[in-house]
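Thanks for coming. I will go through one structure today, starting with how the chains meet and ending with each chain alone. Please have a look at it first.

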Amino acid sequence: MYGFEPSEEQKMLIDAIQRYTTNDLRPAAHDADEGGFFSEDLIEKGWELGILQASLPEDYGGFGEYSAVTGVLAAEELAHGDLAGGIAVLTPGLYAMPIFLAGTEQQKESLLPAVIEAEWKPYTAALIEPRFDFDPNDLKTEAIEFGDVYLLSGEKVFVPYADQAEAYIIYAKLDDATQGFIVEADAEGVEVGKRQAMMGVNALPLHKIKLDKVHVPMENKLGGQSSIDFEKILSSFRIATASLGVGLARAAFEYSRDYAKDRDVFGVKVAQKQAIAFMLAEMATEIEAIRLLTWEAAWMIDEGKEEAAKYAYLAQTGAMDMAMMVTDRAVQILGGHGYIREHPVEMWMRCGRGIASFTGLAMV
Amino acid sequence: MIEFETPKPIVKQQYLLQTVAEEMMRPHSRYFDEHEHEIPWDYINFMHQAMQAVGAGSLAPASGNGDKEKEPDDKKKKYPPIGYQSLAFMLEMLSWGDVGIYLVTPGGSLGAAAVEATGTPEQKKKFLARFQAEEPAFGAMAMTEPQCGSDTSAIRTSAVLDEETNEWVLNGEKIFVTAGKISLEDSDGLVVIWATIDPSAGRAGMRPFVVEAGTPGVSVTKLEHKMGIRASDTASIVLQDARVPFENLLGSPEIPKKETKGFKGAMATFDATRPLVAATGIGVSRATLELLKELLAQQGVKIRYGLPRQKLTSVERDVIDMEIMLESAWLMVIKAVWLADNRKPNSLEASMSKVRGGDIVTKITQKALEIMGPIGYTRDHLLEKWFRDAKITDIYEGTGQINRLVVARNILGYRGEQLR
């Protein structure tokens, strides 16, 4: 059967997130973007919504079960509030989710409760590398076996909260496949660089890290002895990026729509001009298209469909164009006002371009 | 629940339809493209028999009240309604076969859809029965006139009640009537003619009238020669004192003061048919993309999914973008018909799916030809035919622009006079 309506439980979660984004996250977004950070209280409040906690079972400290569909709904709603804030709230999932999806039973039992049962803490991950053609399936960061440890060497960028990290998942190439490694914050050879200055998501601290022969005990390879199916993790990254793009685009669409209905031009409202109305119609259509594609990919992941990875890829690829198109037009609809930082659309446009490079910043 | 599992009965139906498309349509695509106005009777007779066998008389799914005897069954099984979904899948597959030939599928098509959307239960019973008769019959809907296309409120075709005989007398000219000839001259079909019963009332005066084959005063005056969908006739119909019984007016003859009820009937028809037309665009798109990938594979090009764009070739990037367009547009069609099946308002989603469907089928067919270069441009392959067939998707059943207008009014909460 087909179905396009979230379940009652999902609706309750969405409502809770909406209350948070409306009352807390969105009102703080502008100052956070200018000032460079969100208050800990604000992020903690988002964490207490229990998005990650509800997607892990009780055995590991959670209170629900994993659902990629619920995950994309939640990520979309958070990004609708604010992209940087949404990623910040979801950051511990960068560490917990791969352990849950690909870790050994022992890794899950020993590592997950500490993340899930505590307040928000910067557990994080490092995937992205400083290359124009960065490819998660062809990492330059390498792991080599050295006696009873792995040695990790390479360079990572866009690592959220790296300077305060409790622990990382670091992805590296091992025998020609991407594998994950659980790395302690104080591991020798991990050099956290300065915070990266970015075009957007300025409220989210992102760092470079350098890895110089970082010793990782064998048992800290994600999945232990057996190699993990990285595609599964990658798909989770991909649909997260796609849904963040959808949420961001929805915010930009709604704002420019409301502005166009309010602003007078030649004796009518701006929105009464077809040039603008058609732009809005196309934005809404594009958002809906990619939203459904993202939902379908998430549903395929939940159902274990063979084509899930391909669809996650399509959703992510579609989302990068959609987010740029919609956020660009939102600025255009506001005209000169769109370019002024008093309105949020220019911030969303800066975020919009980021969607193309953010696969690795969030997981659902 | 959010889910995307194709219902089992539809999966079964699609197996059969794929065979029809492969055996009855594709082998004849080129012939009927090059012999415009010849009628593919083999396909028609086959489809008619097949549809009789499964009890699917009319192409339009029952909207509920006309089809009461079926409902208890549905309720017993607690099976959610999937009538429009089945239809969307069916049209997608038949159009994957050949969209021109699909357009002469017996069963009433848009004419039956208009009867379904605007008729009373008695009218549905009366007018749709012909589609279950022994001989195949066709239906059409006539809206466009020489002086007006998208601006349907400017319709001049008039209907005047002759109170003595209790008949409506219709006068005017309709053009661009898809399947107009086959409905009126080559079968015992019908055409739903939109006419005004009060020219001063604008849209509020518009009403749909059923004009049956053989009605005196109705004549097919011209057949268009088209860029594509050549297996399907596009007719001009002249009505000269054509008389139809009073009860051939679908719905109510009263003109409400403020509302635009007549026009709303037309719009209700479109809410039902627009996603279906979009579905035909999806079928053409899928056919194109499949053949494109096959031809590329023959030349040693395999699409590498999963790579960042920076590592893809231009051709791979185009193909992947086409897949994104295709799959997302299809999901929008399904959502629109799913809403209709579940009796939820779908005006926004119906028009959105049509905007997207019309956009992507033109883009995909155009890009496929560009990619295949000199191979694509020849008539050796069907790619060039599908390119020509595709364009109509963005035109009929409301142009892309009219549908953008509908979407825009919906998302802005504007009435027609606020956004023209």
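Two strands count as paired if DSSP finds at least two bridges between them. Helices (H or I, at least four residues) and strands (E, at least two) are DSSP runs, numbered from the N terminus. With that in place, strand E1 of chain A, residues 2-4, is joined to E1(B) by three bridges, and the two run antiparallel. In that pairing, Phe4(A) stands opposite Ile2(B).

Some bookkeeping. This is a predicted model, in which local features need pLDDT of at least 70 and side-chain atom pairs count only at pLDDT 80 or more, while totals for chains, interfaces and linings use all residues. Residues are numbered from 1 along each chain as its sequence is written, chains are lettered from A and ligands numbered from 1 in the order in which they are written, and side-chain values use heavy atoms, with hydrogens and water left out.

Now the interface as a whole. Taking contact as heavy atoms within 4.5 Å, 50 residues of chain A and 48 residues of chain B take part. Buried area is the accessible area, with a 1.4 Å probe, that two parts lose on being put together, summed over both. Between chain B and chain A it is about 4600 Å², and carbon and sulfur atoms give 64% of that. On the chain B side, the residues that lose the most area to chain A are Ile2(B), Phe4(B) and Leu412(B), together 16% of what that side buries.

What about charge? Side chains of opposite charge can pair when their charged atoms come close. I call it a salt bridge when a side-chain nitrogen of Lys or Arg is within 4 Å of a carboxyl oxygen of Asp or Glu. There are nine salt bridges between chain B and chain A. One of the pairs is Lys311(B) with Asp135(A), at 3.0 Å from N to O.

Which elements of chain B supply at least two residues each to the side that touches chain A? They are strand E1 (2-4) and helices H4 (83-102), H9 (314-341), H10 (347-377) and H12 (400-412). H9(B) gives the largest share, eleven residues.

Next, chain B by itself. Chain B has twelve helices and eight strands. The radius of gyration is taken over C-alpha atoms, and the globule rule is 2.2 Å times the number of residues to the power 0.38. For 420 residues a compact globule would come out near 22 Å, and chain B, at 21 Å, agrees. Over all chains, the salt bridge count is 52. One of these bridges is Arg130(B) with Glu212(B), whose closest N and O atoms are 2.2 Å apart. Arg130(B) lies in the loop between helix H6 (121-128) and strand E2 (139-142), and Glu212(B) in strand E6 (206-212), so the pair ties together parts 82 residues apart in sequence.

Last, chain A. Chain A has ten helices and ten strands. With 364 residues, the globule rule gives a radius of gyration near 21 Å, and the 20 Å of chain A agrees. Strands E3 (142-146) and E4 (149-160) of chain A run antiparallel, joined by five bridges. Phe146(A) stands opposite Val149(A) in E4(A). E3(A) and E4(A) form a hairpin with two residues between them, and Gly147(A) in the turn has a positive phi of about 60°.
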